[in-house]
Amino acid sequence: MNQPDIDQQLTGLAGLGDPLRRALYRHVAERGVLVSRDDAALAVGISRPLAAYHLDKLVDDGLLEARYRRRGSRRGPGAGRPAKHYVRADRQIELSLPARDYAALAELLAGAVEADPTGTAQAALNRAAASLGAELGDEAATLVAADADPDQVLAALREALAARGYEPYGTIRLRNCPFDRIAAHHRQLVCGANHAMLQGLTEHLDGDPPVQAALDPQPGRCCVVLTRVVDGRAAG
């Protein structure tokens, strides 16, 4: 990473040192959809002009993107001017001082696994991923009482996933892929290992009904979806 890259990334992160700006960024990121100035202001309890100021600063820092959209379904004359909305930017910030490049090593390892014609290396990767998932599931299980209800189990699961950067929402989709940079060039390999890890996690986090990890690739989301299973069917 050269000096201009470091300066640019530091500039982008500096704004998040402000608690208010950090709260606005977190709200927009967690929504996963276009957020208006009014919605953002209401979410963090500030005025609309102040929210607009900080949201636009986050755009300047490359952390958010601004888009324009009309309110409601009315179009044409009399529909009013499009309102400014915000969504998390596609830009990814990775900063390490001194510089580290773990992604380059991950790319090399992924390429080596894919080059194995026997499939032995990929099977070993999936076993290692499942083992890590089991460890994470055991850790999460310690936070759940023996007589915990399904919602408490799901809460522990969400907490474990959030800690690993998956950004869980709903019941349960994963907004972020922590391995996106490697998955972009090694999709099948990474998604297989990711599925094995999350399957290991859910199997070691006892729940009634149980939770099942399944591959369900969607644009801009993690390739795995987690669902409660009742009588052999996904309950959502």
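The axes of H3 and helix H4 (residues 48-60) come within 9 Å of each other and cross at roughly 105°. (Axes here are lines fitted to C-alpha atoms, for helices over the stretch in contact, and angles run from 0 to 180 degrees between N-to-C directions.) H3 and H4 are therefore roughly perpendicular, on a scale where angles under 35 degrees count as roughly parallel, over 145 as roughly antiparallel, 65 to 115 as roughly perpendicular and the rest as oblique. On the H3 side, the contact is made by Arg 37, Asp 38, Ala 40 and Ala 41, and on the H4 side by Arg 48, Ala 51, Ala 52, Leu 55 and Asp 56. Contact means heavy atoms within 4.5 Å.

A word on the model itself: it is predicted, so local features need pLDDT of at least 70 and side-chain atom pairs count only at pLDDT 80 or more, while totals for chains, interfaces and linings use all residues. Residues are numbered from 1 along each chain as its sequence is written, and side-chain values use heavy atoms, with hydrogens and water left out.

Overall, the protein has nine helices and eight strands; these are DSSP runs numbered from the N terminus, with helices (H or I) of at least four residues and strands (E) of at least two. Of its 236 residues, 34% are buried, where buried means under 20% relative accessible area, exposed over 50% and partly exposed in between (1.4 Å probe, protein chains only). Among contacts with a separation of 6 or more, 58% link residues 24 or more positions apart.

Back to the helices. H3 (residues 37-44) also meets helix H2 (residues 19-31), their axes coming within 10 Å and crossing at roughly 120°. That makes H2 oblique to H3. The crossing of H2 and H3 is right-handed (a crossing is right-handed if the near helix is turned clockwise from the far one by less than a right angle, and left-handed if anticlockwise). Here Leu 20, Ala 23, Leu 24 and His 27 of H2 meet Asp 39, Ala 40, Ala 43 and Val 44 of H3.

H2 itself has 13 residues and reaches 18 Å from its first C-alpha to its last, close to the 18 Å expected at 1.5 Å a residue; the expected span is 1.5 Å times one less than the number of residues. Its buried residues are Arg 21, Leu 24, Tyr 25, His 27, Val 28 and Ala 29, and they pack against strand E1 (35-36), H3, H4, E2 and E3. In H4, Ala 51, Ala 52, His 54, Leu 55 and Leu 58 are buried; the partners of the buried H4 residues are H2, H3, strand E2 (64-69) and E3.

With a relative accessible area of 12%, Ala 89 is buried. It touches Gly 62, Leu 63, Leu 64 and Glu 65, leaving out residues up to four places away in sequence. Glu 65 is 24 residues from Ala 89 along the chain, yet their C-alpha atoms are separated by 5.1 Å.

Further along sits helix H9 (residues 187-203), whose 17 residues should span 24 Å and whose end C-alpha atoms are 24 Å apart, which agrees. Twelve of the 17 residues of H9 are buried, so this helix is largely enclosed by the rest of the structure. Among the twelve are His 195, Met 197 and Leu 198. Asn 194 also lies in H9 and counts as buried at 3% relative accessibility. Beyond its neighbours within four places in sequence, Asn 194 contacts Tyr 166, Phe 179, Cys 222, Cys 223 and Val 224. Asn 194 and Ala 129 are 65 residues apart in sequence and 7.0 Å apart in space, C-alpha to C-alpha.

What about the nonpolar cores? Each is a set of buried Ala, Val, Leu, Ile, Met, Phe, Trp, Tyr and Cys residues joined through side-chain atoms within 4.5 Å. The largest has 27 residues, of which Leu 157, Leu 161, Leu 198 and Leu 226 touch the most other members. Helix H6 (120-141), helix H7 (150-163), H9, strand E6 (211-215) and strand E7 (224-230) each supply at least two residues of this core. Apart from it lies another core, of 15 residues, including Leu 16, Ala 29, Leu 63 and Leu 64.
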